[in-house]
Amino acid sequence: MQNNAQGNTQQEQFIFADYKNQNSKLRRKFVYKIGIVGPSRIGKTTLISTILKDLEKWKKEFDFVVEPFKDSQGRSYTRTLIKECDEEIESQVKAYEYKSMGVTTEKPDFFDLTVKPFDSNRDKTKGELRVVFLDYPGGYLSEGGENYNDCMQWIEDSSVLLVPIDASVIMEINNQKNSDIKNTMSYLEIEIVKKKIIDWALYRRKRKDSALLLFVPLKDEKYFSDNGGKNDESDKLYQRFQQFYGSICEELKEIWCDEDEEKNNNKRLAFMKKKYPKFSIDYFPIDTIGTIEYSYHEGWREKKTDAGNIIPVFECHFKLREIFGEGYLERKVFGAEDIFNKICEHIIYKRQNNNVFAQALDNIRGINKLLDQGIKKMKEKREQQPNKRYKNILEGLISKEK
Ligand SMILES: Nc1nc2c(ncn2[C@@H]2O[C@H](COP(=O)(O)OP(=O)(O)OP(=O)(O)O)[C@@H](O)[C@H]2O)c(=O)[nH]1
Ligand SMILES: [Mg+2]
């Protein structure tokens, strides 16, 4: 989280300059970009690194090898980064008194992965998709910073957008009190987040490109009983999510859906089903730590930001769960795999439907079939073990620009 991985300058790493350079090898590759939008301390770095923590299982369960990208010398900047983030979270969990402060991200960072399908004998892989998550300091959203424009351009270009939500704040404030609502909007920078999502949605429609929007409540261990928690307040959490973020979903519906267009699409779909970009808005609350839950808050206070602005802060405190006679519990991640599963499914769909060149190349190399099988297996697994927390808010085909 502290970007120590950058210290190892010997490793080739993904950087904006390379990506933008028209002559770079990277530029000529298909890179599937994943964006994230959230203010500082909301949990962006924790979310990305938790999703990528346990990549080994993909081999066993889904016929894919998902690995941190390795440079020509076999070194991996991303592997180091994931390890550092993981160690940071583990050390927070092991601390007797858990402090939710962690280490703030200091510069934009890339989590650069390769996704390779196994061939039908499962003895070697065939082809490779490059999937890259961008993480950046949350302070950028309101105050900018180095490479700010590159980060925002990346977000617009990404067909997958992650939006972490601070569950403890929206659950523990008084949601009937005007001043609490106003402060929450300001503290969680909900208007700025909303604007980024709307700009992204308009860009998707303009580009006729598919879109996957994932709202991910974090710091929510206390509100679920399926991972060691005592109470189930999941319905209340969803209601609170709707109170603060529901209007974004309504606006997206306006932007992406057009009933007449949908009817036409449906007619045309019979012939050219694969031509239309689809969208999905999903709700995926996950436990990134699992054994640390909300304990108490200190109410609202004011804080001066680096740029000198005064903002309201709602400081929540967390505690380690203790099981009588068993001491403290180890970290227990829940639901992260389902998110990556959904992202991969989306990327493969996009590859097979929006990109004629990739499609032709995949067909020649025999990868299309392998990708198809992979998607099927992922869907089957999700249907066998439905994650009760997960909700599909809205899905459909993106209409033409109005
Ligand atoms: N209990 C609990 N704590 C979490 C969870 N997710 C994140 N946190 C804590 O929230 C704090 C902030 O998380 P980060 O991932 O560093 O937040 P960030 O959005 O990357 O912050 P910046 O880098 O400043 O933009 C850390 O101390 C995390 O351990 C969660 O699901 N549960
Ligand atoms: Mg961070």
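Predicted model: local features only at pLDDT ≥ 70, side-chain atom pairs only at ≥ 80, totals over all residues.
## Overall make-up

The protein chain has 402 residues, of which 38% count as buried. Its secondary structure comprises 15 helices and 12 strands.

Among contacts in the protein chain with a separation of 6 or more, 79% join residues 24 or more positions apart.

## The nonpolar core

The largest nonpolar core contains 85 residues. The members that touch the most others are Phe111, Leu161, Val163, Ile165, Ile197 and Val216. For Leu161, the contacts beyond four places in sequence are Gly35, Val37, Ile155, Ile197, Trp200 and Leu213.

One of these partners, Val37, sits in the loop between β1 (31-36) and α3. Val37 counts as buried because it has 25 C-beta neighbours inside 10 Å, and 20 or more are needed for that class. Setting aside neighbours within four places in sequence, Val37 is in contact with Ile155, Leu161, Val163, Val193, Lys196 and Ile197. Val37 and Ile197 lie 160 residues apart in sequence, yet their C-alpha atoms are 8.0 Å apart in space.

Helix α3 is largely enclosed by the rest of the structure, because 8 of its 8 residues are buried. These residues are Lys44, Thr45, Thr46, Leu47, Ile48, Ser49, Thr50 and Ile51.

Helix α3 (residues 44-51) packs against helix α5 (residues 77-94) at an angle of about 115 degrees, and the two axes are 9 Å apart. The angle makes α3 roughly perpendicular to α5. The crossing of α3 past α5 is left-handed. On the α3 side the contact is made by Thr45, Thr46 and Ser49, and on the α5 side by Ile82, Cys85, Asp86 and Ile89. Sorted by class, this contact has 3 nonpolar, 3 polar and 1 charged residues. The α3 residues in the contact, Thr45, Thr46 and Ser49, are also listed among the buried residues of that helix.

## Helices α14 and α15

Asp362, Asn363 and Arg365 in α14 meet Ile367, Asn368 and Leu371 in α15. By class, the contact of α14 with α15 has 2 nonpolar, 2 polar and 2 charged residues.

## Two residues with positive phi

Asp63 is not a glycine but has a positive phi of about 60 degrees. Its position is the loop between α4 (57-62) and β2 (64-68). Asp63 counts as buried because 21 C-beta neighbours lie inside 10 Å.

Asn147, also not a glycine, has a positive phi of about 60 degrees. Asn147 is in the loop between α6 (140-143) and α7 (148-157). With 18 C-beta neighbours inside 10 Å, Asn147 counts as partly exposed. The two residues therefore fall on either side of the cut-off for burial, which is 20 or more neighbours: Asp63 has 21 and Asn147 has 18.

Terms used:
Residues numbered from 1 in each chain as written. Chains lettered and ligands numbered in written order. Axes fitted to C-alpha atoms, helices over the stretch in contact; angles between N-to-C directions. Helix = DSSP H or I, 4+ residues; strand = E, 2+ residues; numbered from the N terminus. Parallel < 35°, antiparallel > 145°, perpendicular 65-115°, else oblique. Left-handed = near helix turned anticlockwise from the far one by under 90°. Contact = placed C-beta atoms within 7 Å. Nonpolar A, V, L, I, M, F, W, Y, C, P; charged D, E, K, R; others polar. Core = buried A, V, L, I, M, F, W, Y, C linked by C-beta atoms within 7 Å. Buried ≥ 20, exposed ≤ 12 C-beta atoms within 10 Å, placed from the backbone.
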